[in-house]
Amino acid sequence: MIPIILGTLVLLWQAALIGYTFSLAGNAADKAARAAAVGEPCGAAAAEDLPGAWSMGAVDCGGGDGDLVTVDIGLNTPVLFPGFNIPVNITAHGSALRETTP
């Protein structure tokens with residue numbers, strides 16, 4: 001019975017890490033979009049609040065038509081504990097209105 005309980009705990013922990021990665025990716029995409037909207041580098045803004053174990057994948061800051069700036073970000077999901085990555089890339093999309101001065 002103990003192996004079944006331990007296996008279930010491992011799967012639940014991995015599911016929690018994947019959920020947290022979705023949250024981190026969304027926050028990083030929003031921060032990058034806000035930075036790009038005012039003309040700052042979006043890659044640095046995206047990586048600013050990420051914990052060290054979550055590695056940044058692709059960052060696409062080139063989107064946006066007219067006044068809308070869009071950013072797509074990918075984060076790699078750690079396995080069981082931060083530091084080991086699996087090839088699952090969680091992507092997030094962020095957008096913000098371009099800031100202009102009158």
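This report walks through the fold, the surface and an aromatic pair of a predicted model.

## Fold

Let's start with the layout. The protein has two helices and three strands, and reading from the N terminus the order is α-α-β-β-β. Helix 1 covers residues 2-37, helix 2 covers 42-47, and strand 1 takes up 56-63.

As for how the chain meets itself, take the contacts between residues at least 6 apart in sequence: 53% of them join residues at least 24 apart.

## Burial and surface

The protein has 102 residues, and 29% of them count as buried. Its accessible surface comes to about 6,200 Å². Carbon and sulfur atoms account for 64% of that surface.

## The aromatic pair

There's one aromatic pair in the structure, made by Tyr20 and Trp54. A pair like this is described by the distance of the ring centres and the angle of the planes. Here the centres sit 5.3 Å apart and the planes are at 80°. That angle is over 60 degrees, so the pair counts as edge-to-face.

Where do the two partners lie? Tyr20 is in helix 1, while Trp54 is in the loop between helix 2 and strand 1. The two residues are 34 apart in sequence, so the pair ties together separate parts of the chain.

And are the partners buried or exposed? Trp54 is buried, because its relative accessible area of 8% falls under the 20% cut-off. Tyr20 comes in at 40%, between the 20% and 50% limits, so Tyr20 counts as partly exposed.

Terms used:
Residues are numbered from 1 along each chain as its sequence is written. This is a predicted model: local features need pLDDT of at least 70, side-chain atom pairs count only at pLDDT 80 or more; totals for chains, interfaces and linings use all residues. Side-chain values use heavy atoms; hydrogens and water are left out. Helices (H or I, at least four residues) and strands (E, at least two) are DSSP runs, numbered from the N terminus. Buried means under 20% relative accessible area, exposed over 50%, partly exposed in between (1.4 Å probe, protein chains only). Contact means heavy atoms within 4.5 Å. Accessible areas come from the Shrake-Rupley method with a 1.4 Å probe; for residues, only the protein chains shown count as cover. Rings of Phe, Tyr and Trp (its six-membered ring) pair if their centres lie within 6.5 Å; planes under 30 degrees apart count as stacked, over 60 as edge-to-face and the rest as tilted.
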